[in-house]
Amino acid sequence: MPESTASQVSSFSTTFTPAHLKFINAKLEKLSPEKIIEWAMISLPGLIQTTAFGPTGLVILDMINRIHIDQQSAANVHPTPASSSASEDESDDNDDGHFKKAGYNTQRHPVPLIFIDTLYHFQETLDLAQQVQDHYNIPLKVYKPLNCETTAEFESQYGQQLWETDDLSYDYLVKVEPGRRAYQELNAQAVISGRRRSQKGDRAHLDILEIESGTGLLKLNPLATWSFQQVWTYLRAYQVPFNALLDQGYRSIGDWHSTKPATNPDDERSGRWEGKQKTECGLHVDYFKMRAEFQATQKKKQALLASRDAAAAATPASTPATVVVQA
Ligand SMILES: Nc1ncnc2c1ncn2[C@@H]1O[C@H](COP(=O)(O)OS(=O)(=O)O)[C@@H](OP(=O)(O)O)[C@H]1O
């Protein structure tokens, strides 16, 4: 990390107060996205990137790929959790051994990359995921809804079109839970996301660095200040692969059933959840609140099923029809 960046934002501490956070954000606001990412790669332990391969995430991915940090600095980024059972090979890896075990080449791409496969993505998004892995020669960690490999498996457990009947449970099952599982498995302490202020709605006042209450998980939004046009210009200038649907008027791309081309040129998320009040999928809202609401919904559903079963059991079996046999 160049001296200038390190000294501009140097007071990171995992126990910082809201005042520290404000101070750090004031410093980050003055840095370019590249410098913000560089700072995070050096200063934030357990840093990962989560992406749906939206244009913003692709710019971030490309920037990460262009940043080279030395081994000593990498040691600060991904400390190995203390493990008495580490083999000699693993202990030789020392500082970045944890992520090597998880299949990441910390030399080439030091920030693990995760994708939550909801099982309802467009084929174009899945193709792009493969294209990006090939282009950058990076491993991708894919997380799906728990115990579900296919849409058929998901629907056999939760029914068809769950997003229509119970969108909160749908969001929790396909996005929120897999995301949390990813953070836990990778020991993530800081997560890079592709949100920007110009995406409006809840994102209009987004801080570059956020801290999640209750968990202390850090969330970094390095392109918070960029417009769609800046993102697009970068993608073209650096020949970054992007989703083929962008050429068909799509701007923000999630599940196929909740995504249309943008209907308002001034609002890139106007094609999401058309006709609904909804503006977020749950990944970026209060996790504990979301989980509590999901659990309450499940309880209600179970109570309803139990009362239906009880009612069915209390109904006397219908009298078999009498068959009159004519002599
Ligand atoms: N499926 C999935 N897997 C991993 N990460 C994901 C996913 N969906 C959203 N994100 C993260 O949220 C960023 C904003 O996404 P969106 O604008 O599409 O909104 S939303 O999250 O779907 O509501 C998004 O930014 P991009 O990296 O530009 O895709 C990611 O950081």
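Me: Which element gives the most to the shell around the ligand?

Reply: Strand S2 does, with 3 residues. The elements that give two or more residues to that shell are helix H4 (55-66) and strand S2 (113-116), where helices (H or I, at least four residues) and strands (E, at least two) are DSSP runs, numbered from the N terminus. Please keep in mind that this is a predicted model, in which local features need pLDDT of at least 70 and side-chain atom pairs count only at pLDDT 80 or more, while totals for chains, interfaces and linings use all residues. Residues are numbered from 1 along each chain as its sequence is written, and side-chain values use heavy atoms, with hydrogens and water left out.

Me: And which residues come nearest to the ligand?

Reply: Thr50, Thr51, Gly57, Arg269 and His284 do, out of the 22 residues around the ligand, a residue being counted if one of its heavy atoms lies within 4 Å.

Me: How do the residues of the shell divide into nonpolar, polar and charged?

Reply: There are 8 nonpolar, 9 polar and 5 charged residues, with Ala, Val, Leu, Ile, Met, Phe, Trp, Tyr, Cys and Pro taken as nonpolar, Asp, Glu, Lys and Arg as charged, and the others, Gly among them, as polar.

Me: What lies 3.0 Å from an oxygen atom of the ligand?

Reply: That is a polar side-chain atom of Arg272. A backbone N or O atom of Ala52 is 2.9 Å from a ligand oxygen atom, and a polar backbone atom of Phe53 is 3.5 Å from an oxygen atom of the ligand.

Me: Back to Ala52, where is its place?

Reply: Ala52 is in the loop between strand S1 (47-50) and H4. Its C-alpha atom is separated by 9.9 Å from that of Ser252, although the two are 200 residues apart along the chain.

Me: Why does Ala52 count as partly exposed?

Reply: Because its relative accessibility is 32%, and buried means under 20% relative accessible area, exposed over 50%, and partly exposed in between (1.4 Å probe, protein chains only).

Me: Changing topic, which residue has a positive phi of about 50°?

Reply: Trp273 has that value although it is not a glycine, and its place is in the loop between helix H12 (228-237) and helix H13 (287-314). Most residues other than glycine have a negative phi.

Me: Is Trp273 buried or exposed?

Reply: Trp273 is buried, because its relative accessible area is 9%.

Terms used:
A polar contact is a pair of N or O atoms within 3.5 Å; within protein, one must be able to donate a hydrogen and the other to accept it, and residues adjacent in sequence count only if both atoms are side-chain atoms.
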